[in-house]
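User: I have a structure open and want to learn how to read its features. Can you take me through some of them?

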Amino acid sequence: MKETVKKIPLLLATILTALATTFFGTVGRFGAYATYRYTFRDTPVMALFFMGLADKQMPFVSAAQALPRTSTVRDESAGEALPQETAQAAPANKITDLVPQVQPAPEAVTEETGELPASLPEDYTQPAHNLSYALDESTWDEATRNKYGRIALLADPETGIVPTQYFERLPSYSSGFETVDATYFRDALFIGDSRTVGLSMYVPDLNAQATFYAKTSMSVAHVMEQPFAETPLGVMTVPQALQGTQFQKIYVALGINELGSGSTEHFVERYQEVIEELKVLQPDAIIYICAMMHVSQKKDDEGGYVNNAVINDRNNALSQLADNEKTFYIDMNEATDDASGVLQSDLTFDGVHLKAVSYDLWYRYLLDHAIVKDY
Amino acid sequence: MTQFSDLSFIFRFLPVMCVLYYVTPYRLRMFTLSIASIIFYAAGDFRFLALLLFAVIVNSLLAEGTFRKEKSFLIVAILFNVALLVTFKILGQYVSGALFPLGISFYTFKMISYQIDLYKEEDDKRPAMIQTVSYFLMFPQIVQGPIMRFQEMRECAAIRKQAITDILPAVEEGLKYFAAGMFFKVMLADRFSMCFNEIGQIGYESISTPLAYIGAAGYSLNLYYDFWGYSLMAAGIGVMFGFPFIENFHHPYAAASVSEFYRRWHMTLGSFFKDYVYIPLGGSKEGGVKTLRNLLIVWALTGFWHGASFNFLLWGLLLFLIILSEKLLLRRLPKTLSTLISRAHVLLLIPLTWVVFAITDDKMLLSYFSRLFPFFNTPAVMNPSDYVRIVRDYAHVFIPGLLFLVPAIYDTIMKYKNKWYMTLLLYAGLWVSIYHAARSSGNPFMYVNF
């Protein structure tokens, strides 16, 4: 028998490894890996350990200590202070002195929670991407509107106070989307996943103008951490790259790769963090929050995590992030959906990506949905 | 679970069945194997389990007659199995893919070979019913072969009494083949599959010509490592259960001609057609037109066996033409020149035939070939440097993928597989593959990321 044991090293090593990884997986299942998407019926518990290993997450910590992905990556030491912080320090004027009959802006997002204020005026409607504000602008005179167009939104909802410096700094925007030509994208940056990679590769007119920081499998969770931005100085992280260059427009088109992980709330929270960080890094830029493109009916029918119900749910939540001041929500699905609201099947091979010849539809949509600053 | 690279298979079904199998008294082991196989099949395709069992019963009953050398029984058995296969091939192709029963191409062929061998062989020892049934059902082979012959089962250790000191080394040996197969499947084949899928995403009409060739190579390597890896895993499981190692691939890309390629590629299918179609038709003995006819029949059938659509028939006919040209024309050329050309056939023409094999849609196939041979039109949208990204993203798969085409590498690993360093290598290969399979099981985006 001893002789036999010597003859089976691979079998013994494999059994031992299986037992050990099963043990780690089991420990982690009730701790560090508690939030992982896992079904015991489908997969041996050792898989949890390997998933954790991929996230560099050891099993021997509690669930609360785990999941670094949810933590903020905002760099507090960044040179530019956050606008809200400035608001405390800067000399302030009362908005009501400047603009007659302005209500406090109800959609101002409270800083701490990232949620809307609990009480909203009865006549308040959530702004859509047509830039309609809750503010009653009809009572403004032409000169006020031209001068102070959109400033009121930045007023502190409690006090109605707006920091003076915003009056000078913020340009006002035209009241809706305009059609532009390719040169509009000269100072534009696109941040995205494989779909944006496709856009850069198959719309040469756009690629000639815009900058692309895009990579297959990119997600909101990793976009600020992974070095993937290709710059003349080499490949670096987005924050590093943005310290060297200022853009006027930033298109963020992410989300499809994390449909299978976390909740919509968590996704949107993280998205908001990314937007805030971009705002700090690029104070002059307007940010386009791009809706995720739908998938085809066939892909939807596969019943996986990638389906239009989740996409719609998350797009809907993303649309709420737009303040229509610095951040705008655009939904390119208008250009690629069929009548039933799914990606047209003839535009795609795998149901998820546009074919090379179809990217033009997306580009046309972008040309027709541009926000133009009127200085 | 019917995927051998599935962790539920490796760490639940396989060890449980292996232990149950060996704790069963040896006379009843085939019974345990049959039950295990039925569970395995039910987990993969419960709807058609009844069809499989029906085919097993019909064949077992007909075998009574074929054993008595009654030709009518043999003919009925062959017709029954062929009709079963053809019916479902056509239903699956033209009505709905859901109507194609799991493994039917393989189990009907095993049944045909069983009936013919039983009719022809002179052994007057009647095979036990349970042995026949377990041969038809055995789970390592039911989904994708290899098409093992019944004779190989009759002579193996599985049906004899074994001591634990024989069993454990057999399991160890099988695990080594399994580890190699798992590595090829998970670390190479699945990644080449992603590569070819990315080319599809662009749309074949819009790919650059270099990318079209990279795609042909990528798909060829995907198919090779997928099927070779699968075959190694299947044969390895067989070895664990006391069956002989069934070789299904023998370094096909090292072949000196396309004819030789197909003696090294999916060898159990090739030898099936050779033994049960080509030779009974007269093979190449009668020469001339008859050989030509026999070859044509074999390749048309091979095409149809892979699928009932136009591209598979076209694929079979292309191979027929290449092999014919090797037989008729190349022989007349000087030796060095003919060797050069037939090697080029293997390395250049075979990948192109795989493109025909891969793309079932005729229009898309035409698009792909118009990019391989870009003399007829220019695409409306195309990025001439599209291949740069693919090369950059997949170089780390292409390099080992191409290296393992060299027979010496795999052969050396297997020759010294009992040395500690090779065992360590196989252990690493197995667990790296398991790690990647595990990540993809929890995260569907690992392999399908956008």
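User: What is the handedness of the crossing of H2(B) and H6(B)?

Analyst: This is a predicted model. In it, H2(B) and H6(B) cross in a left-handed way. H2 covers residues 29-45 of chain B, and H6 covers residues 129-137 of chain B. Their axes come within 9 Å and cross at roughly 35°.

User: Which residues of H2(B) and H6(B) make the contact?

Analyst: From H2(B) come Met30(B), Phe31(B), Leu33(B), Ser34(B), Ser37(B) and Ile38(B). H6(B) supplies Ile130(B), Val133(B), Ser134(B) and Leu137(B). By class, that contact has seven nonpolar and three polar residues, and no charged ones.

User: Now cavities. How many of 30 Å³ or more does the structure hold?

Analyst: The general idea comes first. Rolling a probe the size of a water molecule over the atoms shows where empty space is left. Here, the structure holds three cavities of 30 Å³ or more. The largest cavity has about 150 Å³ of space.

User: What lines the largest cavity?

Analyst: Its lining has 14 residues. Nearest the centre lie Ser194(A), His353(A), Tyr359(A), Gln201(B) and Arg389(B). Two elements give two or more residues to that lining: helix H8 (194-202) of chain A and helix H9 (164-202) of chain B. H8(A) gives the most, with five residues. By class, the lining of the largest cavity divides into six nonpolar, six polar and two charged residues.

User: And which residues line the second largest cavity?

Analyst: The second largest cavity holds about 90 Å³ of space. Among its lining residues are Asp193(A), Arg195(A) and Thr196(A). Also included are Cys290(A), Met292(A), Met293(A) and Trp362(A). This lining divides into nine nonpolar, one polar and two charged residues.

User: How many residues of chain A are in contact with chain B?

Analyst: 47 residues of chain A are in contact with 42 residues of chain B. About 3,900 Å² is buried between the two chains, and carbon and sulfur atoms give 70% of that area. On the chain A side, Leu10(A), Tyr202(A) and Phe349(A) lose the most area to chain B. Together they give 18% of what that side buries.

User: Last topic, the backbone. Which residues does a cis peptide bond join?

Analyst: Most residues other than glycine have a negative phi, and most peptide bonds are trans. Here, a cis bond joins Gly145(B) and Pro146(B), with omega about 0°. Pro146(B) is found in the loop between helix H7 (139-142) and helix H8 (150-154) of chain B.

User: What is the phi of Asn324(A)?

Analyst: Phi of Asn324(A) is near 55°. That is a positive value in a residue other than glycine. Asn324(A) is found in the loop between helix H13 (308-319) and strand E10 (327-330) of chain A.

Key:
Residues numbered from 1 in each chain as written. Chains lettered and ligands numbered in written order. Predicted model: local features only at pLDDT ≥ 70, side-chain atom pairs only at ≥ 80, totals over all residues. Heavy atoms only, no water. Axes fitted to C-alpha atoms, helices over the stretch in contact; angles between N-to-C directions. Helix = DSSP H or I, 4+ residues; strand = E, 2+ residues; numbered from the N terminus. Left-handed = near helix turned anticlockwise from the far one by under 90°. Contact = heavy atoms within 4.5 Å. Nonpolar A, V, L, I, M, F, W, Y, C, P; charged D, E, K, R; others polar. 1 Å grid on protein atoms, 1.4 Å probe; cavity = no way out; pocket = protein on both sides within 12 Å on 5 of 7 lines; lining within 4 Å. Points joined across faces, edges and corners; volume = space filled by probe spheres on them. Buried area = accessible area lost by both parts, 1.4 Å probe.
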